[in-house]
Amino acid sequence: MHLLLLLGAAGIFYCGILQYMMYRYSHKPVPEQADYVIVLGARVKEDGPSLTLQARINAAAGYLSENQKTKAIVSGGKGLDEPVSEAQAMKEGLESAGIDETRIILEPRAKTTYENIKYSKKLIRSKRDTVLLVTNDFHIYRSVQMAKKQGMTVKGLPAPTPLIAVPKSFIREYLAITKYLITGKM
């Protein structure tokens, strides 16, 4: 019984540390006039972007509206159950929000966050360009760590996580970060 209580307390403490890191990274200042924003994909449903993806589109559109020289790389492939690629859905969402299509670069191959960064990195002109990763607040910490592992210097531009997605998203993120800490693979 004492062992279970100890393990439970250790688990809560561990999740608290992860939550702190996720919070800290999602609340860092966001630089203005970045050269690029990379908008990370999420599920596209038959009727359009999921709530999670729509939050990312909205965050990117807001930033792009205020920073007219910034280009957007929309990154995400097409899953078997998706009507269009995540990149295409994001492009359409940004255009609907008034962002000129000449500022949007499609990266429609990525199936994972690691691939989002890997393939998008190839579309950036210079290592000195300022890059922001646009994803939901819970996902900023891990995605920035992945970018660092791939030799990129990036900051996060957090999108709010829809309330209905919080439990599933946060538990999944705790597990993904734990996997990385154990295996060294994201």
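**Buried strands, a helix and its salt bridges**

Q: Where does Ala72 lie?
A: Ala72 lies in strand E4, where strands (E, at least two residues) and helices (H or I, at least four) are DSSP runs numbered from the N terminus.

Q: What kind of model is this, and how are residues numbered?
A: This is a predicted model, in which local features need pLDDT of at least 70 and side-chain atom pairs count only at pLDDT 80 or more, while totals for chains, interfaces and linings use all residues. Residues are numbered from 1 along each chain as its sequence is written, and side-chain values use heavy atoms, with hydrogens and water left out.

Q: Back to Ala72, then: buried or exposed?
A: Ala72 counts as buried because its relative accessibility is 0%; buried is under 20% relative accessible area, exposed is over 50%, and partly exposed is in between (1.4 Å probe, protein chains only).

Q: What is Ala72 in contact with, leaving aside its neighbours within four places in sequence?
A: With those neighbours set aside, Ala72 is in contact (heavy atoms within 4.5 Å) with Val37, Leu64, Leu94, Arg103, Ile104 and Ile105. As for Asn116, which is 44 residues away along the chain, its C-alpha atom is separated from that of Ala72 by 13 Å.

Q: What about Leu133, where does it lie and why does it count as buried?
A: Leu133 lies in strand E6, which covers residues 131-136, and Leu133 counts as buried because its relative accessibility is 0%.

Q: And which residues does Leu133 touch?
A: Not counting residues up to four places away in sequence, Leu133 touches Ile38, Leu40, Ile117, Ile140, Ser143, Val144, Ala147, Val154, Lys155, Gly156 and Leu157. One of these is Val154, which lies 21 residues from Leu133 in sequence and 6.8 Å from it in space, C-alpha to C-alpha.

Q: Switching to helix H3, which of its residues are buried?
A: In helix H3, residues 86-96, the buried residues are Glu86, Ala87, Ala89, Met90, Lys91, Gly93 and Leu94.

Q: What do those buried residues of H3 pack against?
A: The buried residues of H3 pack against strands E1, E2 (44-45), E4 (71-75) and E5 (104-107), and also against helix H2 (51-66). H3 is followed by Gly98, which has a positive phi near 95 degrees.

Q: Lys91 is on that list; which salt bridges does Lys91 form?
A: A salt bridge puts a side-chain nitrogen of Lys or Arg within 4 Å of a carboxyl oxygen of Asp or Glu. Lys91 forms one with Glu95, where the closest N and O atoms are 2.6 Å apart, and another with Glu101, where the closest N and O atoms are 3.8 Å apart. Lys91 lies in helix H3 and Glu101 in the loop between H3 and E5, so this pair ties together parts that are ten residues apart in sequence.

Q: How do Lys91 and Glu95 relate along the helix, and is each of them buried or partly exposed?
A: Lys91 and Glu95 are separated by about one helical turn because they are four residues apart in helix H3. Lys91 counts as buried at 14% relative accessibility, whereas Glu95 is partly exposed, with a relative accessible area of 30%. Lys91, Glu95 and Glu101 are linked in a network of salt bridges.

Q: How many salt bridges does the structure hold?
A: The structure holds four salt bridges. Another pair to look at is Arg142 and Glu173, whose side chains meet in a salt bridge at 2.7 Å, N to O. Arg142 lies in helix H5 and Glu173 in helix H6 (residues 166-183), so the pair ties together parts that are 31 residues apart in sequence. Arg142 and Glu173 are both buried.

Q: While we're on H5, which residues meet there from H1?
A: From H1, Met21, Met22, Tyr25 and Ser26 meet Ile140, Tyr141, Val144, Gln145 and Lys148 in H5.

Q: Is Leu4, which is also in H1, buried or exposed?
A: Leu4 in helix H1 counts as exposed because its relative accessibility is 61%.

Q: One last thing: what phi does Gln33 have, and where is it found?
A: Gln33 has a positive phi of about 55 degrees, although Gln33 is not a glycine. Gln33 is found in the loop between helix H1 (2-26) and strand E1 (36-40), and with 42% relative accessibility Gln33 counts as partly exposed.
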